[in-house]
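These are my notebook entries on one structure. I set down each item as I looked it up.

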Amino acid sequence: MDRGSRRREGVRADVEGLRALAILGVVLFHTRLGVLPGGFVGVDVFFVLSGFLITGLLWRDLERTGRIGFAAFYARRVRRLLPAAVLVLVVTVVAATHLLPPLRAGAVVRDALAAALYVGNYRFALERTDYLASPSAPSPVEHYWSLGVEEQFYLFWPLLLALVVVHRRRLGAAAPARGVALAVVGVVAGVSFALSCWLTSAAEPWAFFSLPSRAWELAPGALVALALPWLTRVPAGPRSSSGGPGWPQSRSRSSRSAPPSRFPASPPPSRSGARWPSSSRG
């Protein structure tokens, strides 16, 4: 892909590098070797980056054409994610049916079907899955929960931005569309964060697995993408000093955080003994 095509697709080497480091953190956390005990925050970082990239891509489309090309947007998502995701699910199902007892294999097949439909996160929430302290063996496709959150975000976020712009046009409002979108995303972030804090105490698995309680982690990236025209007017010194510590802070949290840390709320321990944050933990 030439540089012009990459720019049109919204690909940024710095953001892709942060994505890779976030994924590496999650992988190292799951090795249970103690190399990166807080590596679970990699998924949270990934959500923020996805919010930034997708919102920026959609908003550039809106500014360039006056509308969002839904068919092209969803086709890109399918080409990017579906082949590898389906391949892993098929291999997992085949292996499960040959290696596991029938009842266990049947559960894996149902998990895989939910994951293929990008609703595995809600299946795990309905089953009250405890990601870190489940008394039974975890599902081999349990990690698909975060992909489900991402795909649901891809489904609803373009519709939200399109509705913001359409509504503003119908009202003939003088406010800049970008400013209206910033306000709407800010409200979404606040409501989602409040819901996440409440669910962390009231219904722990739903706080962990559901898109509504995770949207506040996608929203900061979206806010930055929408605010870029104003942010670029900030002098280079303050801008670099405020943005520069981002990755070192993330790395510091990854290296020092331990799984029992509770975030963003402070719920009582769950019945299984684990403390549930609505932060990712892989």
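In which helix do Arg 19 and Glu 16 both lie, and how many residues apart are they? I found both in helix α2 (residues 13–30), three residues apart, about one turn of the helix. Helices here are DSSP runs (H or I, at least four residues), numbered from the N terminus.

I noted the basis of the entries next. The model is predicted, so local features need pLDDT of at least 70 and side-chain atom pairs count only at pLDDT 80 or more, while totals for chains, interfaces and linings use all residues. Residues are numbered from 1 along each chain as its sequence is written, and side-chain values use heavy atoms, with hydrogens and water left out.

**Entry: salt bridges**

I searched the whole structure and found eight salt bridges (a side-chain nitrogen of Lys or Arg within 4 Å of a carboxyl oxygen of Asp or Glu). Side chains of opposite charge can pair when their charged atoms come close. Arg 19 and Glu 16 form one of these bridges, at 3.4 Å from N to O. Arg 19 is buried at 8% relative accessibility, whereas Glu 16 is partly exposed at 28%. For these words I used relative accessible area: buried is under 20%, exposed over 50%, and partly exposed in between (1.4 Å probe, protein chains only). I also recorded that Glu 16, Arg 19 and Arg 80 are linked in a network of salt bridges.

I then looked up Asp 44 and Arg 214, whose side chains meet in a salt bridge of 3.3 Å, N to O. This pair links distant parts of the chain, since Asp 44 is in helix α3 and Arg 214 is in the loop between α9 and α10, 170 residues apart. Asp 44 is buried at 9%, and Arg 214 is buried at 0%.

**Entry: nonpolar core**

I found that the largest nonpolar core has 43 residues. Such a core is a set of buried Ala, Val, Leu, Ile, Met, Phe, Trp, Tyr and Cys residues joined through side-chain atoms within 4.5 Å. Among the residues with the most contacts inside this core are Trp 59, Trp 145 and Phe 209. Helix α7 (145–171) is one of the helices that each supply at least two residues of this core, and α7 gives the most, with ten.

**Entry: Asn 121**

I located Asn 121 in helix α6; Asn 121 is buried, at 0% relative accessible area. Beyond four places in sequence, I found Asn 121 in contact (heavy atoms within 4.5 Å) with residues including Trp 145 and Phe 209.
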